[in-house]
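Open the model in your viewer and keep the selection panel at hand. The stops below go from the whole chain down to single residues.

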Amino acid sequence: MSFALQTISEDEFQAFQHLIYTETGIALNDSKRCLLSSRLGKRLRALQLNDYLEYYEYILRRDADGTEMQEMINCITTNKTDFLREPHHFEFLSTRLFPAIVRKAATGGPRKVRIWCAASSHGHEPYSLAMTVREFAPFEASWDVRILASDIDTNVLARAEEGVFDVEDLAPVGDLRMRRYFDRGTGAFAGKVRAKRRLRELLTFRQLNLIEDVWPIHAKFDAIFCRNVMIYFDLPTQRKVVEHLVRYLKPGGFLMLGHSESIQWTPSPVQPLGNTIFQLAE
Ligand SMILES: C[S@@+](CC[C@H](N)C(=O)[O-])C[C@H]1O[C@@H](n2cnc3c(N)ncnc32)[C@H](O)[C@@H]1O
């Protein structure tokens, strides 16, 4: 069966704008009307619904287990990412954070490192973190190093957990690291690479919605990467999320935001160090 999709009406757009904002924090302005209409159009076709109002009512009244709500969220997220994006943040780990942790360990501190990548998308960012950890020689086997990767989008999380990428995506990584950390696919996987176990074993993947009031996380982190997601939130949501993230930093821990997220306020109680890096006092 095929049918032409109606364009989304003003009322329908506003209903979804509000629903998406309350569920995800993503603030869609009016210029996103076409984008929303085309992304949700896929779900209307999959469910054989006639218009956006029917889809809205479907989510509200016929989606008891939340499956369709999650499908909708997966459709509307923007997942652009890259390996080693904004490389200065990874260099900061190797040159500042990791050596400081090793120095503390030499005087009795824990041989333990915890990093959280809080909007991990397809996985390029957490695997870049895993490479950065593996390249820091002092973290030999007896160190307990873990990276938590989370996102609201269950599709990208599932792909990230597989650790399979297009070969072209590895361009920023370079040939040497590609051979060291990735296996080339053959047959049906030609043109793909898969992260080796030595990267995958550092990572744990978990769905997490940053705007929820309670997060199912009990650890504290040496560094939290929450990059290029705040741009989708309005100012009150940004504040709420950043202040929540800061509570998950260990004393002296670092919060990294994306370059386009030079937030207008200093989130207490962290200090800005420049390059969208913030540090919690020791
Ligand atoms: C543009 S990507 C950024 C990926 C990566 N951090 C980077 O900088 O390359 C934004 C990611 O934020 C996720 N996201 C959007 N809203 C979210 C929310 N409320 N909670 C958690 N993740 C969210 C999206 O699913 C998407 O994967």
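What follows is a short tour of a predicted model, stop by stop.

**Stop 1: the two domains.** Select 10-76 and colour it as domain 1, then select 88-280 and colour it as domain 2. Where the domains touch, domain 1 contributes 10 residues and domain 2 contributes 11 residues.

**Stop 2: the buried surface.** Show the surface of both domains. About 820 Å² is buried between domain 1 and domain 2, and carbon and sulfur atoms account for 46% of that area. Now select Tyr21, Gln70 and Asn74 in domain 1: together they provide 44% of the area this domain buries against domain 2, more than any other three residues.

**Stop 3: polar links across the boundary.** Which kinds of polar link join the domains, and how many are there of each? A search for salt bridges between domain 1 and domain 2 returns 0. Residue pairs in polar contact between the two domains number 7, counting pairs with both residues at pLDDT 80 or more.

**Stop 4: the helices on the domain 1 side.** Select α1 (10-24) and α4 (67-76); each gives at least two residues to the side of domain 1 that touches domain 2. The largest share of that side comes from α1, with 4 residues.

Stop 5: Colour the touching side of domain 1 by residue type. The residues there comprise 4 nonpolar, 5 polar and 1 charged.

How values were computed:
Residues numbered from 1 in each chain as written. Predicted model: local features only at pLDDT ≥ 70, side-chain atom pairs only at ≥ 80, totals over all residues. Heavy atoms only, no water. Domains from an automatic or database assignment. Contact = heavy atoms within 4.5 Å. Buried area = accessible area lost by both parts, 1.4 Å probe. Salt bridge = Lys/Arg side-chain N within 4 Å of Asp/Glu carboxyl O. Polar contact = N/O pair within 3.5 Å; in protein donor to acceptor, adjacent residues only side chain to side chain. Nonpolar A, V, L, I, M, F, W, Y, C, P; charged D, E, K, R; others polar.
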